[in-house]
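Please look over the structure shown here. The briefing that follows covers the sheet, the helix packing and the domains.

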Amino acid sequence: MNPSDRLRDLCGTTIAKLADPGLRDRVHQVRVRLDAPLKIAVAGAVSSGKSTLVNALLGLPVAPVDAGECTRVVTQYEYGPDDGRVEVECEDGRTVVTRLAPGHRLPADLGVPIDLVRRVRVHLASEALRAITVVDTPGMNTTTVENERAARRMLFGTDQDDDHAQALIYVLRYVQAFDDTTLAEFRGLTEACGMTCVNTLAVLSQIDRRGDEDDPWPTARRLAVKAYADLRASVFDVVPVIGLLAETAGTGALGPAELDGLAALAALDAADLEFLLLDLDDLADSPDSPLAPEVARRLIRHLHRYGLRTAITHSAEDPEALRQTLLDKSGFGVGARTGTVAGGIAHFARRADQLKALAAITQLRRVSRAPAFGSDLAVLDGLAAELDETKPIAAGLHGLRIFAAVEAVARGQLVLAEDMQNELFQLARSDDPAEQLGVPAPEVPEAARRATERWRARAMIERGRVGGQRARDVLGVLEDLAAPPVLQTQAPIFLPVAPAPVDGDAVRRLLASPLVPAEDRQALAHLIAGADGAAQVGIAAGPPDVAAYAAALSARFRSLSHFLPFTADRRAAESVSDSYAHLAVTAVQKGSPHVG
Ligand SMILES: Nc1nc2c(ncn2[C@@H]2O[C@H](COP(=O)(O)OP(=O)(O)OP(=O)(O)O)[C@@H](O)[C@H]2O)c(=O)[nH]1
Ligand SMILES: [Mg+2]
């Protein structure tokens, strides 16, 4: 059973035993959130580009951009079949229902004075929101962050811990380097809101704004690397982006008039064009401009200078090609490409169950410390005991082991020499074993084996302390990587189990998909190469173990099939799940005394 299922059970049994309705409701809410999409908050300084990025993510121009000083309310975009329904939650507990304005825009007037609004919830029937809920937050005046409650209210519209986002995208204005105050404030904020390096992505926004280079990307990439070095204990990655171009491409913001305007600019003499672009105001106001002022303003608003140049030089007459070019140049990324915003979202999506389980554990621990009376005291003690680090629920969050170690380094609980620190951060940054270890794929087992020696020594030295536990967690991950990909079938001490039929195309399809986690890809490699049932599940054991492993893997690919976005991938995962199910049945029959 995985940690999420165990947590659901634990919530169920705890609710059944609790007498206090208030406590029962809190536990119930924890269970509800385990089944809801992963909630990601987008936060950062005033005008850093948060709402622009949210629109790019949603593919809709729904979040108000440039709405004066800041967008002052917390706005949550969540999946709902009643597309465009807006629920305005007020401070006094009332909820006022309204709808999005035409073109999927949040209305300027919510029907409630803004000071009385606690949070706005927007329902969208968008596929992107089936897996995640996105929260756009007001620009942060960092000095208010000192107060934990203020920070939480700012981020989530409520200071109740139970309503937390489970992941954070932090938008940072593009700067050369971070001073100590910025860093300290950033860490203070993430800690106050229960965020760690597992669930925080930093985004360097508006990288086109420097304006002193024709192509801002080389510098931006360099600065992202530098920023990651500053922030790596608090974030899993720092990615640069031109949110404006991602928004423009994603929301289809350029209409026929703007496309005509671009063509008119492209027809200009190169020197004249360069002169017009020097000061963007000229584009709208100068008598030399070939554009109507309102078209010029829309082009500036949606593309700005670098985007305009790009659109003029790269666009043929084809609007779809232009959209694609803008998306490419935005650096937003597609699929799971690491180092991009899209890659960061994919990182969250792959770990959604684990991140939600982690948040649920934190919330339940808090519930277990709540004031209680009578029999509830013992129930809460029992709850706390189940959540102990050594019990299966917390211990089962394997995918997060590396991140727990990074956390320990950040807190000074695990002290590492520079080279081992780098090794750890590299392990955290990717989930492709070759990238994690920085060697070509065939050398992974050997590199991992060498690393285990260092980590085993560290675990021994720190034995009995938190740091030792975390070093052992890393060791466990490295040992998994060091295990040879396919176990040689050894002396026939086990009853062999016949191999299950496997659809090779399905396996290859999933192996090629970046959305399939590394450990599942390893399982697939066993499945396709294994000469018998045991090798197909990657173990050397008899029928009962093969049956158990095969059943677990069948369930795992079944659940993966629900999450994959492409139909063909989903079918492939189902086919793989069927192969494992077949194997489980064969192995059970083999193990039964009545057969063969
Ligand atoms: N050139 C450029 N401008 C951008 C980019 N992203 C956002 N902007 C502009 O920056 C301004 C602020 O963007 P918003 O998305 O409203 O920023 P925000 O962080 O939501 O602002 P508040 O909610 O007011 O704190 C707008 O004029 C955007 O068009 C970008 O990548 N490049
Ligand atoms: Mg905003």
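**Sheet, helix pairs and domains**

Glu-89 has Arg-119 in strand 5 as its bridge partner. This is a predicted model, in which local features need pLDDT of at least 70 and side-chain atom pairs count only at pLDDT 80 or more, while totals for chains, interfaces and linings use all residues. Residues are numbered from 1 along each chain as its sequence is written, and chains are lettered from A and ligands numbered from 1 in the order in which they are written.

**Sheet**

- Strand 3 (residues 85–90) and strand 5 (residues 117–124) run antiparallel and are joined by 5 bridges; helices (H or I, at least four residues) and strands (E, at least two) are DSSP runs, numbered from the N terminus.
- An open sheet of 9 strands has the order 4-3-5-2-6-1-7-8-9, with mixed pairing; two strands pair if DSSP finds at least two bridges between them.
- Strand 4 (95–99) and strand 9 (237–240) are the edge strands, each pairing on one side only.
- From one strand to the next, the twist averages 20°.
- Helix 6 (residues 217–231) lies across strand 8 (200–205) and strand 9, and runs at about 160° to strand 9.

**Helix pairs**

- Helix 14 (residues 352–368) and helix 15 (residues 375–386) have axes 9 Å apart and pack at an angle of about 150°; axes are lines fitted to C-alpha atoms, for helices over the stretch in contact, and angles run from 0 to 180 degrees between N-to-C directions.
- Helix 14 is therefore roughly antiparallel to helix 15; angles under 35 degrees count as roughly parallel, over 145 as roughly antiparallel, 65 to 115 as roughly perpendicular and the rest as oblique.
- Leu-364, Arg-365 and Ser-368 of helix 14 make the contact with Leu-380, Leu-383 and Ala-384 of helix 15; residues are in contact if their C-beta atoms, placed from the backbone, lie within 7 Å.
- This contact of helix 14 with helix 15 has 4 nonpolar, 1 polar and 1 charged residues; Ala, Val, Leu, Ile, Met, Phe, Trp, Tyr, Cys and Pro count as nonpolar, Asp, Glu, Lys and Arg as charged, and the others, Gly among them, as polar.
- The axes of helix 17 (residues 401–410) and helix 18 (residues 418–429) cross at roughly 140° and come within 9 Å, so the two helices are oblique to each other.

**Domains**

- The chain is divided into domain 1 (3–202 + 215–236 + 338–350), domain 2 (246–330), domain 3 (397–483) and domain 4 (504–591), with bounds from an automatic or database domain assignment.
- Domain 1 and domain 3 have C-alpha centres 30 Å apart, and their contact takes 9 residues from domain 1 and 11 residues from domain 3.

Technical notes: Contact = placed C-beta atoms within 7 Å.
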